[in-house]
Amino acid sequence: MENKVEISKKAISSKQLVALVFVIGLGMNVLNLPALSVMEGGRDGWLVMLAVAVFDCVALYCTLYVMEKLESVKFGKALSKTFSVIIGVAGFLWTLSKLSLIMGELRLFYGGTVFENIDWFLFLVVLGLLIAVMGAGGGRGLGRICELVLPLAIGSVAILLVTSFVGDIDFTNIFPSLYKNIDAVKSPVKFALWAGNYPVLLCFFKDVELKKHTKLFATGASAISGIAATVMSLPMSATYGAITHLISYGSNVSDMNQYVGSYNFGRIDLIIFTVWSVVLLIEAGVFQYACVRSISATVGKSVPWLYSGIAFLSVYILLNTGMSCKFKLFEFATHYASVPAFILQLAVPIAAAIVVGIIVKFKNRSICAEAENEARSE
């Protein structure tokens, strides 16, 4: 009975966590990143996406392992406070960068595709306030929304996969692979801010149900979204690999696949854009929530609505000053935030998993040793 009561108090169930992993892996990873990988890596763009998918799976598994084992690791009060401040500050800067990129992408998409004369002050205010409400509302609502959106997200990916292979595509154009193409090798680091979303799950620490096979299913969901992005990148790499000058920042997998397929499906991409906007909004809500938790960890006091408002104002100021246009946003994401993001999203989860694993192993050994000593004394 105690176990059931404990699980009922969790903010996010195991199924909702798997849905959350799949949904946040679809935002910029599937619609935006393939175009960027081909723009930079040419015919090897699909290999860039494959590398990103592998990195994401490793980071996700390590993140979930840390979340699972961390409850059994006890630190001193002073050490816990120090860790909280360090993680809080790093998490705040990272989530702020992610939020700026997500809102910048939405502004770029709607400004270049839908509304040419939109009032950006009003657009960013309304969008930012909506994300702020989602971030302050807690994890339970985000988990439930992901469950509802999951079928639509899967359907959209399926449509994209079908439309990716309907044109007259010569897949031999992707060979030879990685031939004098150092840009493709550097791309996973250069575009790190677009990927590597899974360490954000640490903000749900102690508020998520982790069952025996949760790590396996969640990593599988990440692998599926990564493979989907890789497969969608194949026809794009074959078609645009030798004419990458036609791709610019703001291109996405949907409109590029329309060209590859010679518009055989009409403007079905508009449906994809609608679902993508919802998915990206949910992803922004998750990072907003993580930003709120980061501030709480740093300050040591929880005032969600106040912190969500601070995060909203910070992003709004950044998007109207240092990232006021797509060129400045792209420069920030690829030059200033890329390496720190790559380290925080891949190296830190791996290192944390190793450290926590060692601590748990020594703790188990000490428990076994104590049990053996007690048995001998008896």
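1. The lining of the second largest cavity divides into ten nonpolar residues, one polar and no charged; here Ala, Val, Leu, Ile, Met, Phe, Trp, Tyr, Cys and Pro count as nonpolar, Asp, Glu, Lys and Arg as charged, and the others, Gly among them, as polar. The lining consists of Leu26, Val30, Leu31, Ala153, Ser156, Val157, Leu160, Ile272, Val275, Trp276 and Val279. Helices are DSSP runs (H or I, at least four residues) numbered from the N terminus. The volume of the second largest cavity is about 90 Å³.

2. This is a predicted model, in which local features need pLDDT of at least 70 and side-chain atom pairs count only at pLDDT 80 or more, whereas totals for chains, interfaces and linings use all residues. Residues are numbered from 1 along each chain as its sequence is written, and side-chain values use heavy atoms, with hydrogens and water left out.

3. Five cavities of 30 Å³ or more are found in a search of the whole structure. On a 1 Å grid over the protein atoms alone, a cavity is a set of points where a 1.4 Å probe fits but cannot get out; a pocket is an open set with protein on both sides within 12 Å along at least five of seven lines; and lining residues have an atom within 4 Å of a point. Grid points are joined across faces, edges and corners, and a volume is the space filled by probe spheres set on the points.

4. The largest cavity has a volume of about 110 Å³. Its lining comprises nine nonpolar, two polar and one charged residues, among them Asp56, Phe191, Gly196 and Gln345. Two or more lining residues are given by helix 5 (45-70) and by helix 15 (338-377), and helix 5 gives the most, with four.

5. The largest pocket holds about 1,400 Å³ of space. Of its 39 lining residues, Leu70, Phe83, Ile87, Leu202 and Phe205 lie nearest the centre. Helix 6 (77-114) is among the elements that supply at least two lining residues, and helix 6 gives the most, with eleven. By class, this lining has 24 nonpolar, nine polar and six charged residues.

6. Rings of Phe, Tyr and Trp (its six-membered ring) pair if their centres lie within 6.5 Å; planes under 30 degrees apart count as stacked, over 60 as edge-to-face and the rest as tilted. The count by this rule is nine aromatic pairs. The Phe191 and Trp194 ring centres are 5.6 Å apart with planes at 75°, so this pair is edge-to-face. Phe191 and Phe330 have ring centres 6.3 Å apart and planes at 50°, so their pair is tilted. The latter pair links distant parts of the chain, 139 residues apart: Phe191 in the loop between helix 9 (182-190) and helix 10 (214-240), and Phe330 in helix 14 (residues 326-336).

7. Trp194 has 0% relative accessibility and therefore counts as buried (under 20% relative accessible area; 1.4 Å probe, protein chains only). The largest nonpolar core has 88 residues, of which Trp194, Leu201 and Phe204 touch the most other members. Such a core is a set of buried Ala, Val, Leu, Ile, Met, Phe, Trp, Tyr and Cys residues joined through side-chain atoms within 4.5 Å.

Methods:
Buried means under 20% relative accessible area, exposed over 50%, partly exposed in between (1.4 Å probe, protein chains only).
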